[in-house]
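Here is a short briefing on a two-chain model.

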Amino acid sequence: MKTIAELLAAVPELADAEPVTRVVVPARLEYSYSPGAAQTRFLRALTRRRLVAERCPVCTRVYIPPRGVCPTCGQATTDRLELPPTGTITTFCIVNIAARGLDVEVPYCYAYVLLDGAHVGLHARIGGLPHDRVHVGQRVRVVWNEQAAPEHPEGEPPAPSLAAISHFTPTGEPDADPETYRRWM
Amino acid sequence: MTTVPDPEPPATDEVLSGPLIVEFPFTRSTGPVIGAFLTGLRERVVLGIRGSGGRVLCPPAEYDPVTAAELSELVRLPDTGTVTAWAWNAHPRPQQPLDTPFAWALVRFDGADTALLHALDAPPPGSADPRATRTGLRVRVRWAEQRSGAITDIACFEALPQPEPRSEQDGGPNA
């Protein structure tokens with residue numbers, strides 16, 4: 001196969017042109033997204049440093065963030081409850097590639113945290129310790145973001161956002177008994 | 001654990017909604033043939049490539065669609081051509097080439113044997129205007145003012161002044 005320079009050499013107007021070798025082709029999808037009524041309640045509560053879950057009236061599983069329906073039973077999750085800001089890491093990964101616009105240094109740890117009383121893991125970053133010290137069964141608690149979830153709110157409440165949870169950090173307690181989270185990994 | 005009523009019900013139960021944009025800015029290498037084609041567009045030059053049987057392919061291909069032979073003979077083409085097929089787009093979406101209704105058209109450049117897909121800025125099909133969108137319409141490239149070596153260097157096609165309708169006697173220029 002000829003090179004682009006060899007191909008262009010045969011076209012008088014283009015013999016000296018700087019060859020094009022790459023194009024940037026953005027694949028872009030613009031959604032109008034609604035998190036739904038249940039997650040709206042969850043997000044609004046986060047700005048007040050509260051973790052609002054919902055429970056299935058049939059199987060009693062507790063979901064956070066709530067989606068308004070139990071994916072197992074197909075029932076509306078009508079029971080609303082608040083969970084404590086503590087939980088257990090049930091799985092995690094180390095992120096080595098920085099996402100654009102994310103103000104966190106790599107590598108960092110991202111984990112599922114099974115909040116106490118919940119039956120699904122909440123996704124969150126783990127901080128406050130070297131990333132290679134994170135392990136399954138570790139006990140952690142929420143560190144709130146002061147901007148997105150002020151401790152002493154004044155005036156207009158901040159816009160509801162998952163950014164209210166800055167990250168989770170170890171509590172220093174002994175690891176959780178695997179029997180407490182084994183079913184919910 | 002017990003179910004608790006919300007002691008601090010939020011001021012509103014309006015469901016949240018907002019824009020969510022998912023974007024992957026792929027960078028693709030063009031290869032020598034498409035690279036040459038895009039280099040040409042940047043310089044307002046249309047290039048095809050010679051294929052088997054002397055056929056001229058535009059947009060150019062790296063390999064012959066019939067024999068699979070490697071192709072390398074670029075052919076300089078004029079920036080005029082003929083519409084071979086079209087589809088009317090009555091409701092352009094954001095970031096499409098034109099923000100007024102237009103046609104997606106296959107345009108066979110003069111001297112080429114295949115057609116290029118692009119936008120055509122012409123009156124709607126069926127209108128009395130002789131430049132209305134139709135198969136056989138004579139068109140020319142409208143070059144973008146800012147060109148970077150991309151298919152968008154062709155802003156769109158626009159209708160040329162159309163030849164007089166062919167008469168019964170002489171069979172017309174394309175007879």
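A:Arg49 sits in the loop that links helix 2 (36-46) to strand 2 (51-55) of chain A. The model is predicted.

**Positive phi**

- Most residues other than glycine have a negative phi.
- A:Arg49 has a phi near 60°, a positive value in a residue that is not glycine.
- A:Arg49 has 16 other C-beta atoms within 10 Å, so this residue is partly exposed; the partly exposed class lies between the cut-offs of 12 or fewer for exposed and 20 or more for buried.
- In chain B, B:Gln95 also carries a positive phi, near 75°, and is a residue other than glycine.
- B:Gln95 belongs to the loop between strand 5 (80-89) and strand 6 (102-109) of chain B.
- Is B:Gln95 buried or exposed? B:Gln95 counts as exposed because 9 C-beta neighbours lie inside 10 Å, and the exposed class takes 12 or fewer.

**Cis peptide bonds**

- Most peptide bonds are trans.
- In chain A, the bond joining A:Val106 and A:Pro107 is cis, with omega about -10°.
- A:Pro107 is placed in the loop between strand 5 (86-95) and strand 6 (108-115) of chain A.
- In chain B, a cis bond joins B:Cys58 and B:Pro59, and omega is about 5°.
- The loop that holds B:Pro59 runs between strand 3 (56-57) and strand 4 of chain B.

**Contact between the chains**

- Chain B brings 39 residues to the contact, and chain A brings 40 residues.
- On the side of chain B that touches chain A, at least two residues each come from strand 1 (18-29), helix 1 (31-42) and strand 4 (74-77) of chain B.
- Which element of chain B gives the most to this side? Strand 1 of chain B does, with twelve residues.
- By residue class, the side of chain B that touches chain A has 20 nonpolar, eleven polar and eight charged residues.

**Strand pairing across the contact**

- Strand 1 (residues 22-33) of chain A pairs with strand 1 of chain B.
- The sense of this pairing is antiparallel, and it spans twelve bridges.
- Opposite A:Ser32 stands B:Pro19, which is in strand 1 of chain B.

Methods: Residues are numbered from 1 along each chain as its sequence is written. Chains are lettered from A and ligands numbered from 1 in the order in which they are written. This is a predicted model: local features need pLDDT of at least 70, side-chain atom pairs count only at pLDDT 80 or more; totals for chains, interfaces and linings use all residues. Two residues are in contact if their C-beta atoms, placed from the backbone, lie within 7 Å. Helices (H or I, at least four residues) and strands (E, at least two) are DSSP runs, numbered from the N terminus. Ala, Val, Leu, Ile, Met, Phe, Trp, Tyr, Cys and Pro count as nonpolar, Asp, Glu, Lys and Arg as charged, and the others, Gly among them, as polar. Two strands pair if DSSP finds at least two bridges between them.
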